[in-house]
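Visitor: Could you walk me through this one? I have the sequence and the structure open and would like to go region by region.

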Amino acid sequence: LPYRLQMEVDTHLQAHLSRKPKSRDKLLYSSKSSGVDGGIAVDDLYGEQERITPNSVVVEKIQHRRSLQLRNKQQDWQESPEGQKMLEFRRNLPAYKEKDALLKAISENQVVVVSGETGCGKTTQLPQYILESEIEAAQGAACSIICTQPRRISAMAVSERVASERGEQLGDSVGYKVRLEGMKGRDTRLLFCTTGILLRRLLVDRNLTGVTHVIVDEIHERGMNEDFLLIVLKDLLRRRPEMRLILMSATLNAELFSNYFGGAPMIHIPGFTYPVRAHFLENILEMTGYRLTPHNQIDDYGQDKSWKMQRQAVKKRKSQIATAVEDALESADFRGYSRWTRESLSCWNPDSIGFNLIEHVLCHIVQKERPGAVLLFMTGWDDINSLKDQLQAHPLLGDPSRVLLLACHGSMASSEQRLIFDKPPDGVRKIVLATNMAETSITINDVVFVVDCGKAKETSYDAINNTPCLLPSWISKAAARQRRGRAGRVQSGECYHLYPRCVYDAFADYQLPELLRTPLQSLCLQIKSLQLGSITEFLSRALQPPESLSVQNAVEYLKVIGALDENENLTVLGRQLSMLPVEPKLGKMLILGAIFNCLDPVMSIVAGLSVRDPFLMPFDKKDLAESAKAQFSGRDYSDHLALARAYDGWRDAERQQAGYEYCWRNFLSVQTMKAIGSLRRQFLSLLKDSGIVDQNTEFSNSWSHDEHLIRAIICAGLFPGICSVVNKERSISLKTMEDGQNSVNAGVPKIPYPWLVFNEKVKVNSVFLRDSTGISDSVLLLFGGNISRGGLDGHLKMLGGYLEFFMEPSLAETYLSLKRELGELIQNK
Ligand code: CDP
Ligand code: MG
């Protein structure tokens, strides 16, 4: 038993003994870190007369008794009729045949790698096998199993499933924990959580005291958090020789992971799926009698729409696409398809699968095909929403007596989520619109038809230009196979790939790991706050280490914003930032918001930026939606202030029960508004915990007089994300550090600010600025950058570097005079 736990129990018992116990008095103790947390009726155990010896024996007895209770409960369930039925189902899963081999391997090895087709029972069964066998061995109370999931929705769905397989309520022996939500009780022995939650726990308890098994699921996805976690766990295993690590993967490339852990044993669960017939675009068109014409092609699909410059790029992109199609036509690839006429191909836009084509395929399935649910893979949440709107207006697909249309997304509420797994009424066809998260981590049993648009929105990172890119890009062959496999769960199925065969042949085999394609700032901060040593050294131990340029960029950025000092040590600011569940720059805005006493709007801005854009831009009502947004932002050139105002309006409307109506009128997403609300609450409690905000802080609604200050705080947070603005006769020219000049078309109103600070610079062919705010020279001079770095003088020197780059003579002058004045001030002091 951990020494700390003994101490804790001893102290509690001493306290208990020192007062006269009332009869049947219950001693409650709880120790979060021990894994044995719970309330125990001590005098139930020993009777009133018995003297309680406050030592480890007591704890063992208590634990033993809990373990026996758990065992009885499990046996009762397994012997009940429903329990029997459930066992019967579970025994039919492919994982069951490997149960003994799995348990043996886990008991004999510290690390085991398990692979098996999606649906074979890795996620729901394996953690359960461990739990059951511990409980059967009367070790239940001492075990604590953590199983990580890359997405919150799978953590929630899986825990619910496992609890029901055990005949329990969620929060009994099985629970879950995700950001902002959780269901976990004192008896929870098996916890499903997101990878982020486990990393957060490591922050406060780097040894994971009391945890007996860690299971990292879906490692084949190679998410950044998972890759990071593996480095940390590799070290931790050395300190905790009795702890077990199990890695689970849907694909067969298990060797990579096994080698990483010194040749850990691999167990493959052979599975079965029913055959799935694959249709590619050429025969889909033939089968459904659909003709591509320029008329039915909707061309904005997959485009972002936050900044007006985009229109120009869309135009440019269209011409590029036309050229690409021409090229493809000339290439040998396409010659084999007799019906694949030049005419139809030139209308197929490889970058934008028209919604109408999707609609057409769905109609075909609903009208002509056998029963069975449809799973449609789209690129992102925006597309899902706009497509859903379009389908809802369709006479057949929008008819609720024939079609149940559902959207599936990572941050959806659990009530909504359940509908996805439920069977629809007879005669109603279930159609689920999902992103690539439905590829492996959730299983919808009744899917018979899969429609695959072939793309996924993938963040990638251009280290040379230090620019994150968010492009819908072609998926990998492995992902396309996964998508197809989703149709063969219960019977043979059909998969409609909405792209030609030759495009599939050109897909990469696997996707690049996230660690190699995203900015590393938050990760580097986390490495420092977990005291994992040198950032470069630590990351060099990753499964596939990131490029050193990406690491340098991230470290330099953290120095610029003041989270790290010159020697790469965490500063006070850095430590605070690592506690906040947002990107460092947004965290900095929160802290400054608190310091400068305008936290209320700043919290809305930060929450909005870290969830997603609440302003909806429905396809056919773009103009209306844009003018609705302009009401919030129009006159003062700030997407951020618009966000804060929109939230304030929503909060007022909610108080009068009119929140939904308000959102509808202003083209705002109700869900996003709610998410912003709950994030705000989380921020506030974290800031209160860390003492930055006073415990009794209340907010008023009138912050408009602080607008200049809020702009300054936005600048302080988003710096060095700045660009200069030059209003010209018929256009506006924007200049950023890395990309040079960009022009915005005529017809755009002039921007009355010399600078814009922006949250994100995204590359979609040319560069776009997302969510920007206009700021003045003096704000930039005083709030851009980090005064603590090299003192005021150093700060100005660095800023001077920026200003010189932009070569604005008037600014350079302002800067020089300010520098002179401040320099004098410093000297006089
Ligand atoms: O993790 P893996 O993909 O190997 O499979 P799983 O998630 O453990 O699911 C195993 C089986 O449990 C699936 O094939 C489904 O039949 C069933 N299941 C279910 O009915 N409902 C859920 N929410 C999850 C799984
Ligand atoms: Mg799974």
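**Strands, a loop and a ligand**

Guide: Let us begin with pairing, keeping in mind that this is a predicted model: strand S3 (residues 111–116) and strand S9 (residues 244–249) run parallel and are joined by five bridges.

Visitor: Which residue of S9 is the bridge partner of Val112?

Guide: The partner of Val112 in S9 is Ile246.

Visitor: And what about S10, how many bridges join it to S3?

Guide: Four bridges join S3 to strand S10 (residues 266–269), and these two strands also run parallel; within S10, Ile267 is the bridge partner of Val114.

Visitor: Is S3 mostly covered or mostly open?

Guide: It is mostly covered, with six of its six residues buried.

Visitor: Changing topic, which residues come nearest to ligand 1?

Guide: There are 15 residues around ligand 1, and those that come nearest are Gly119, Lys122, Thr123, Thr124 and Arg161.

Visitor: Which helices supply the shell around it?

Guide: Helix H7 (122–136) and helix H8 (152–165) each supply at least two residues of that shell, and H7 gives the largest share, with four residues.

Visitor: What is the make-up of the shell by class?

Guide: The shell around ligand 1 has nine polar residues, four nonpolar residues and two charged residues.

Visitor: Now Ser441, where is that found?

Guide: Ser441 lies in the loop between strand S14 (429–434) and strand S15 (447–452).

Visitor: Buried or exposed, and why?

Guide: Ser441 counts as buried because 22 other C-beta atoms lie within 10 Å, and the cut-off for a buried residue is 20 or more.

Visitor: What is Ser441 in contact with, beyond its neighbours within four places in sequence?

Guide: Its contacts, once those neighbours are left aside, are Gln149, Pro150, Arg151, Ser154 and Glu218. Ser441 and Ser154 are 287 residues apart in sequence, yet their C-alpha atoms are 6.1 Å apart in space.

Visitor: One more region: which residues of H23 are buried, and what covers them?

Guide: In helix H23 (residues 572–579) the buried residues are Leu573, Gly574, Gln576, Leu577 and Ser578, and their cover includes helix H20 (521–529), helix H22 (548–560) and helix H24 (584–595).

Visitor: And for the protein as a whole, how many helices and strands?

Guide: The protein has 33 helices and 23 strands, and 42% of its 829 residues count as buried.

Methods:
Residues are numbered from 1 along each chain as its sequence is written. Chains are lettered from A and ligands numbered from 1 in the order in which they are written. This is a predicted model: local features need pLDDT of at least 70, side-chain atom pairs count only at pLDDT 80 or more; totals for chains, interfaces and linings use all residues. A residue is buried if 20 or more other C-beta atoms lie within 10 Å of its own, exposed if 12 or fewer, and partly exposed in between; C-beta atoms are placed from the backbone. Two strands pair if DSSP finds at least two bridges between them. Two residues are in contact if their C-beta atoms, placed from the backbone, lie within 7 Å. A residue is near a molecule or strand if its C-beta atom, placed from the backbone, lies within 6 Å of it. Ala, Val, Leu, Ile, Met, Phe, Trp, Tyr, Cys and Pro count as nonpolar, Asp, Glu, Lys and Arg as charged, and the others, Gly among them, as polar.
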